[in-house]
Amino acid sequence: MSDFEFFLYVSLLISTLFLILNLAKKRKHTTSSPPINLPPGNMGWPFIGETIGYLKPYSATTIGAFMEQHISRFGKIYKSNLFGEPTIVSVDPGLNRYILQNEGRLFECSYPRSIGGILGKWSMLVLVGDMHRDMRLISLNFLTNARLKTQLVREVEKNTLWVLDSWQENTSFCAQDEAKKFTFNLMAKHIMSLEPGKPETEQLKKEYVTFMKGVVSAPINFPGTAYRKALKSRATILKFIEMRMEERIQKLHEGNDLEGIDDDLLGWVLKNSNLSKEQILDLVLSLLFAGHETSSVSIALAIYFLETCPKAVHQLREEHKEIAEMKKQSGEKDLSWEDYKKMEFTQCVINETLRFGNVVRFLHRKAIKDVRYKGYDIPCGWKVLPVIAAVHLDPTNFDQPHLFDPWRWQSAKVASSSGSATLTSSNNFMPFGGGPRLCTGSELAKLEMAIFIHHLVLRYQWELTDVDQAFAYPYLDFPKGLPIRIHCLK
């Protein structure tokens, strides 16, 4: 055997031994690792999984047939394949809270790419980590308690009256559209100092309606589709915001007429942050989206639920008559923060509307580490969906959950004062999410609902003129727009 042949033989032998040892090591590691214990479930079809069944429309006051069947078959934590990804679905209130409280450590926000494509990569909805924290801080610093208690109380009441004054007796109209008009005008004023009814506000509203239709549509970017139209409207809206931004920047550079420049969010961000133009544009658009859509649907739901509950309307009316009488005796006209805090039964109605209607039904999260919970494994990289609606409609958490019962929250308040477990525990009642991503506008949303209800019950009685109800698509919508007819109270 030549030296060369001997060298090849030894090299091959060493390589073979190394390969055998390496395979043995891997096998040993594999056999010593504990097996993954995924929750029970069904992964559905290849690629699409069970997404079509999950997104099938259903009544908003239920959890839908898909969820009912899966909970009945697999329990409150189950696996599936949704939105093109392996997914853990949670209807367990403890796990939901665990997921939200461990944002950034074990889980992070993970919405479908199409949402980021239309809202923008700097949208608060899709941002994670330090950038989300910084954007959220900007919102919190602007939306202070002092601003809520003074400026925003006035603006909410002004915009409420602007909408209610336009209603005509014995004429049928869509209450959902009126609620959207109210919240859009309020957010346009709050964010960019736009006045209701002005041509620029109305034009922006028109573009925003087109934009919203695309946000909730299938992300098909072909000519004529709602998604393509929404992208065009997004560009128009951003151009409008940019023009307003440049006007403010010019004022800041000139140093003239700066009084009130930070009265709205756009001016405050320009004056007090180092965000880029693109970041500010996406921030403004995402806040316009978040502040308008969920609040308007919540108000529409309150109108819908109250129409079926005369007893609650009567008690609301008595509460608000008392507040109005006290205002009259003191010679004051406008509502104040102190008046808002006196609306105790109104808060019960708001809580019950949020619990029963569930504007935000589930959240998109992703495991960024391997997680073990109640004996189940949640692998790193898997999508996780905490389903808030299912917790709110679970009879083990709420007695007779499919009844609109505002008085349950009065009982909860009594239980809280006695030290008993309450309905509003952070596990069972999470209409605004939780953890580091808790909705920054939660108090503003409740303020809007309370003041709108105050003037609504003092001015009008109302009735539905056609059968309608809220459906989950999974976004909430009244197919007929919630048509109502009003009668003025004498």
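Contact here means heavy atoms within 4.5 Å.

## Basis

This is a predicted model: local features need pLDDT of at least 70, side-chain atom pairs count only at pLDDT 80 or more, and totals for chains, interfaces and linings use all residues. Residues are numbered from 1 along each chain as its sequence is written, and side-chain values use heavy atoms, with hydrogens and water left out.

## Glu293 in helix H12

Leaving aside neighbours within four places in sequence, Glu293 is in contact with Lys180, Tyr208 and Met212. Glu293 sits in helix H12, residues 277-307. Helices are DSSP runs (H or I, at least four residues), numbered from the N terminus. Glu293 counts as buried because its relative accessibility is 14%; buried means under 20% relative accessible area, with a 1.4 Å probe and protein chains only.

## Helix H9

Tyr208 and Met212 are among the buried residues of H9. The buried residues of H9 pack against helix H5 (113-119), helix H8 (175-192), helix H10 (226-254) and H12.

## Phe47

Phe47 lies in the loop between helix H1 (3-32) and helix H2 (51-54). Its relative accessibility is 75%, so Phe47 counts as exposed, the cut-off being over 50%.

Key: Helix = DSSP H or I, 4+ residues; strand = E, 2+ residues; numbered from the N terminus.
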